[in-house]
Every structure is written in structure tokens, then in C-alpha cells.
Amino acid sequence: MRATLLICAKDLKTRLRDRSAVLIGIVVPLGLALIFNSIFGGISGNSKAIALGVVNADRGAASARFVSGVLGAVGRTGLIAIHVEPTAARARALAAAGTLDAVIIIPAGFSARVASQRPAEMQVIGNVDAPISTEIARSIAGSYAAGLNRVRLSVATVLAAGGGHAAGPPGRIQALAARAAAAAAPVAMADVSANSRQLDQKSFFAAGMAVFFLFFTVQFGVTSLLEERNDGTLARLVAAPISRVSIIAGKLLTSFMLGLISMFVLVVATTVLFHASWGNPVGVTVLVVSAILAATGIMALIATFAKNSEQAANWQSVVAVILGLLGGTFFPVSLAPGILSRLTYAAPQAWFMRGLGDLRGGSLSVVWVPALAMLGFAAVTSGIALTRLRHMTEV
Amino acid sequence: MKALWIAVSDLRRMFRARANIFFVFVFPMLLILVLGATFGGSGSARLGVVSTGSGPLGTALVRQLQRTPHLQVVPVTGAAALLTQVERGNVEAGIVIPPGYDRAVRAGHPAVVRYLARPDQSSQQLGETVRGAVARQAALLGAARFAVAERSAPSFDAALARAKQVSPRLPAVSVTETTAGTALFPSSLGQFAEGAWSQLLLFLFLIALTGAAAIIETRRLGVARRMLSTPTSPGTVIAGETLGRVLIACVQALVIILGSALFFGVRWGQPAGVAAVVILYACAGAGAGILVGTVFRNEQQAAGISLLLGLGLGALGGCMVPLEIFPPTMRRIAHLTPQAWGNDAFAKLVGHGASITGILPQLGALALFAAALLSLAAWRLRRVLVA
């Protein structure tokens, strides 16, 4: 035990002194999180009201109902900002420039056409680079049109029962239309609000960079066993009255401690420097410790297959980069369709990010599944690594 | 001629390590694939739909949603799973068409579909699109129910059949849609193109920067000293080392360009234009890499700094988020990086089919970067090598 701690303390001292570990474990991830945050912080992703223009060239009853009734209600939600524009030409120019995401134009004579059961049309002009907002504008106009069509279709369906020609006594159509308009809509939509279990942008960059570089930071511990073997100091360690297990444990502990120091500094620094919110400290600790163990196990296992420390570092970097990409540390790969999003489960980083996201929207108990998944990676990989490491120390 | 040999030996040294092959060629291609699959052509919002047990009318509503443009319907098995998907952001929002939906509509009871949205704006806004699809379905169903209520049809099914028959001939209130403005990128661009050129620029520079470590190794192992002890002038060694880094970048670019064209169908545009951008950009990258290599003494430190610089400049230069959506001030700052000019050039070449004459300002800017960085690098390299 004492030997293990001594080896670990000596290794930690060397690593912190040569600054490489500090660079990879702290400076680079913190720097990148800061850079990403300051560059992308000004770009609003999900939280922008749609700028919807409306041109009412009609000024009749039906168009007034739409503009003040429907659009008025839509505007009050704060999700869509309604801009009344005087002319279609001006509105089109604003949509072309992207100042407005979309415009709804009600042509002159619209209300008269609606009242007299003739075909009527509303026009939607959307900015070419805002297809989803344009579709939303089209749907708002479409919902109103569908309501008008429901009444027309209701009347026509009843009349069609008589062979389509017998309109019956005069005024029957008006009476039918009035009753149809009063009938309740057959399908209603109820809004249910869900929480968000997503990390905000700042916390996403902080967590993503921290866990991506964690897989590089822990390399410094285990790989030093290969260095010691090449330099011949391993033979001397084995010759000393220290058990092999103590030596291996010392190296693994070094990895763990390097990971712990780096993650601790990063969590504190990103919280203080740009107010990243990691979540419940207990939950974050559980996730961080599990992630460090998983990273240590995986990187140790790879090291056991390498001939020397250089080769180990190369292979470890390749695996760390692939797992980091799959784990969604740079961008959420879980959005990808099909097999790709399922592949993310193979990366401990994905469990880490998912755990932090869930912690954001739920209680503490949500961390157990991702934590256990990461501990599973840790147990399997370090189990195999340990048996292989014992062979390696046989000189 | 000697300089060329030095360059070729640099190239061979680079690719002797298998891991380098991964980082230079394979990883960028992997990123192009994953980025394209995740975000490429993402002019659609993803809507999770639970419709288990909702019957034929429920299926009809799902079909209506599927027909809605720019809406991608993602089937989900149950309400609990849908909630998780929405909360985790895997889908923008969700809709639950309840079991018994079909029965309720037929019986004239109010049927309620639930719309699940997160607090963020885009999730809530999508509600209007779903409401529109529901309203279109409701027009038919409402007419059928009205006919039953008016006792003009014997059953709901008969009324619905009649409403469907009448509907196409009815003078309707309709909504037409047109678009205005010039598209950032034409829809014919394909889902991988933007990712391909931005990752090409990101990785050309990143790998060129890690060339710094190679320069330090050349110094540490005394390769440079030995070269200089032969009848080789410092100028030749410097030219050779520089040419080596440019050569590596050009080989990398060639493989990524051909690979992405072959595997992902990226059409790169006029070869002369692409070659001009790549060569000038490679020169700028080589200059930056050598410069970093002359400032640091430790290879691992140089690697760390290269990573920070390469990814940082890439982010600023529009390799991760397109420059077009940067705020104006940020966009101006971005153009202090060669990446931004490279992205602009490729946006014109690949995105809008420009030829080499259409990207002269971008080429000019890249040439300035290349000249400045290369001369600075040569001056520094001469000092550290000869000293």
C-alpha cells in the first residue's frame, strides 16, 4: 500500500513538473471551452422568436378574424413576433433579406370570396433559408383555412346526400353553415410541457471538452509503465521488495489522480470563469469518478497491447478520438439517424454527457444508470488490463 | 532538387507511423460522414410520434404529418419513451395520438392529441405545424361528424367516404407558398458538401500545425545538424522542410477531396480553383506549423498548443459553425484567420459553382497569409537551425 502511494506520488510530481499533463489535462480543454463559448455564445440556436410579417390588403371580416384573432393569439405566446407590413412588395423584400422569416399575405377580396363560397387564397412567402419557419407560417394560415374549409365541407357533405342538387329551401345553406361553424372541432390539441434535459451551450462545451481530454490525461499514468520498462527502471522496481500488484496499482492510481485533478480544476474553473452549470454536486461527482475509472480502464487496456510508450500513445489517441466523436463531446451525435445514434452507447463519453443532461432535468437518482454503464466499461477493461499488466511486469 | 528529397523524406517519415494515417486521412473522413449524417440537409424538424392503438384514423393523422414538408416523423413506442426523447433533445417535440382516438372521433366524443414540447422556442413553435396538420384532418372528420349529426348519413364511415368524395370538388380556401431570397447554399449541394470543405480546412491546418512537433524532432534528433554538415546550404534545408510540410498537406487534401467525392458524392467544383485554394492554404498552414515548431522546444507542448490553435482558429474561421450565421462583428474578426477565407472560397466554388476568377479576393487574402507566415517561418527556422 505504501509502495503504491509512493509510486503514485512520485509519478504525479514528475507529470506536473513537465507540464505536458497540465497542458492536456487543463490548459487545452479549458482554452477550447472558453474559445467555443465566446465564439458560439453569440449565435442563438434554439431560442429565437420567428419574425412573421402580415400584409392585409383585404380588410374584410374573414381577414380581420385571422389577423386580430388568430395572429393576435399567436403573437401573445411570444414564440412568434407579428410585424404588420403595408404592402406585399415591401414584405417580400424583407423576407428576401431575411429580416422577416416569412410573410402571410391576404389579397384584396379575400373576405368577399370566403363569404360567397368561392375559392380563396392566402399567400405565404418564406425566406429561402428559413424552411421550418416558413412551414410554421404556412401551417398557421393553413389551420385557419382548414377551419373555413371544414364548414364548407360540412355543408357540402350534407347536401351531397340529396344527390348534390337539392339545396332545399332558401336559407338552408346559411342555416347549415351556421350550425357547422358552431360544431366543436372533432380533434383538439393539448399542450404538455416537458422539461429540458439538455445541457445549455456553456455547460455543453465545458463538459464535452473536459471528458474528451480526460481520455488523454489518464494516459500519462499507465503508459509510464512502458516507459519504465524501456528505460530499465521497471526491472529495478520489480527487484525491490515491492509486489507487482503494488507497482501496477501505483500506475493506475496515478492515472486516476491525474484525471481527478484535471476534472476538478475544469469543473471549478468553467463554473467560475463562464458560469457553466454542471448540476447537483453529488451527481456530478458520481459521474466524474465513473468517467475517470472508465477512461483509466480503457486506456490501460490499450497500453498493454503496445510495444513502447510511443505506440501506446498513438493507439490511445486514436481510440480516445473515436470514442470522443461518438460520445458527442463536440456535437450531439445522438441526433444522427439509425445505427449511428445507437453506436453512441459504446462510448463512455456519451453516458457521461447523457448523465449530466438527465441530471439537469431530473432528480439525483437519474445518474445511476449512466454511472453504472461507465463503471461497467471500467470493470471489464481494467479486469483484462490487470491480468495483462501482471504478465508485462514479469521481466 | 535536394530540397525536394528533403521534402519527400519528411513525407515518408510522417506516414511511417500508422496513427498519423488515421489522423491525417481517416478521421477527417469519419467526421465528414458523421457530420453529414447528423446535420446534413437538416432543413427538417424531427417530431416524435406515438400512435399505438390509435386505429385507422390515427394512422391517417400520422400520414398527414408525414406529408407535411420540413417535418420528419420519428415513430416512438410509448409516451414515456417519447417524453425522454423530447427532453433529451433527440426530437424537437412529440405528439401522442391516444389509444381509442379512432373510436372517440367516430363516436363524436372529443378526441385529444397531446403535444409535448420543451420550454425552448423552437420546440414550442413547431406546435403550429402540428396544429396545422391536425386541422386539415379535422376538416374531413368534422364534416363527416356533422353529416351524422344532421342525420344525412347512416353511419360515420359512410359520411367520411362522402366527405372525401366531395372534398376535391369543393371550392376551397387555400394557402400558396413561395420563397424569397438567395439560398445560402442550393439544395442540390448534398448533405456532405459543407461538412467536407469545412473539415478539409480544419484538418489541413491542424495537421500542418502538428508539423511543429516534427520540426522539433528534426532539431532534437540532430537531423538538421547532419544535413547542414553536408554541402547543403541552410536555404536548401529550410526550403526542403517547408516543401515537406506543404507536400504533406497537399497529399492530405488530395485524399480527402477524392475520398469525399467517391464515398459521399461531394462535387468539389472547378479543379483549378480548388487546387489554388488548397495550395495557398497549405502554404499558410505549413508556415504556421514551422513557426510554432521554432518557438517551442518540447514536442508534447507543441502538440498541445497546435491542438488549441488548430481547433480554436477552426472554430473562429467557420469550420464548425458556418460563418454565414455569425453576428456581423464576429464575422469580421473571423476573417483574421485563413480558415475564414478558405471557407468563403469553398462556399463560392462548391456551393455556388464559381470558377477561379470568382474567388480572386479570397485567393489574394490566402496568398497574403501564406507569404507572411512562410517568410516569418523561414526567418525563424534559419535562426534556430544555424544557431
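Tutor: A residue is buried if 20 or more other C-beta atoms lie within 10 Å of its own, exposed if 12 or fewer, and partly exposed in between, with C-beta atoms placed from the backbone. By that count, 50% of the 395 residues of chain A are buried, and for chain B the figure is 52% of 387 residues. The model is predicted, so local features need pLDDT of at least 70 and side-chain atom pairs pLDDT 80 or more, while totals for chains, interfaces and linings use all residues. Residues are numbered from 1 along each chain as its sequence is written, with chains lettered from A and ligands numbered from 1 in the order in which they are written.

Student: Which strands form the open sheet, and in what order?

Tutor: Strands are DSSP runs of E of at least two residues, helices are runs of H or I of at least four, and both are numbered from the N terminus. Two strands pair if DSSP finds at least two bridges between them. The order is β5(A)-β4(B)-β3(B)-β1(B)-β2(B), 5 strands with mixed pairing. β5 (187-193) of chain A and β2 (71-75) of chain B are called edge strands because each pairs on one side only. From one strand to the next, the twist averages 25°.

Student: What makes the pairing mixed?

Tutor: β5(A) runs parallel to β4(B) over 7 bridges, with A:Met189 opposite B:Val113. β3 (93-96) and β4 (111-117) of chain B are antiparallel over 4 bridges, and B:Gly94 has B:Leu116 as its bridge partner. Both senses occur, and the pairing is therefore called mixed.

Student: Which sheet strands does helix α6 of chain B touch?

Tutor: Contact requires C-beta atoms, placed from the backbone, within 7 Å. Helix α6 (121-149) of chain B touches β5 of chain A and β1, β2, β3 and β4 of chain B, at about 165° to the direction of β5(A). Such angles run from 0 to 180 degrees between N-to-C directions, the axes being lines fitted to C-alpha atoms, for helices over the stretch in contact.

Student: How many residues meet across the two chains?

Tutor: 97 residues of chain A are in contact with 93 of chain B. The largest share on the chain A side, 24 residues, comes from α6(A).

Student: What covers the buried residues of α13(A)?

Tutor: Those buried residues include A:Ala312, A:Gln316 and A:Leu323. Their cover includes α8 (201-217), α12 (281-303) and α15 of chain A, together with α2 (18-39) of chain B. After α13(A) comes A:Gly328, with a positive phi near 70°.
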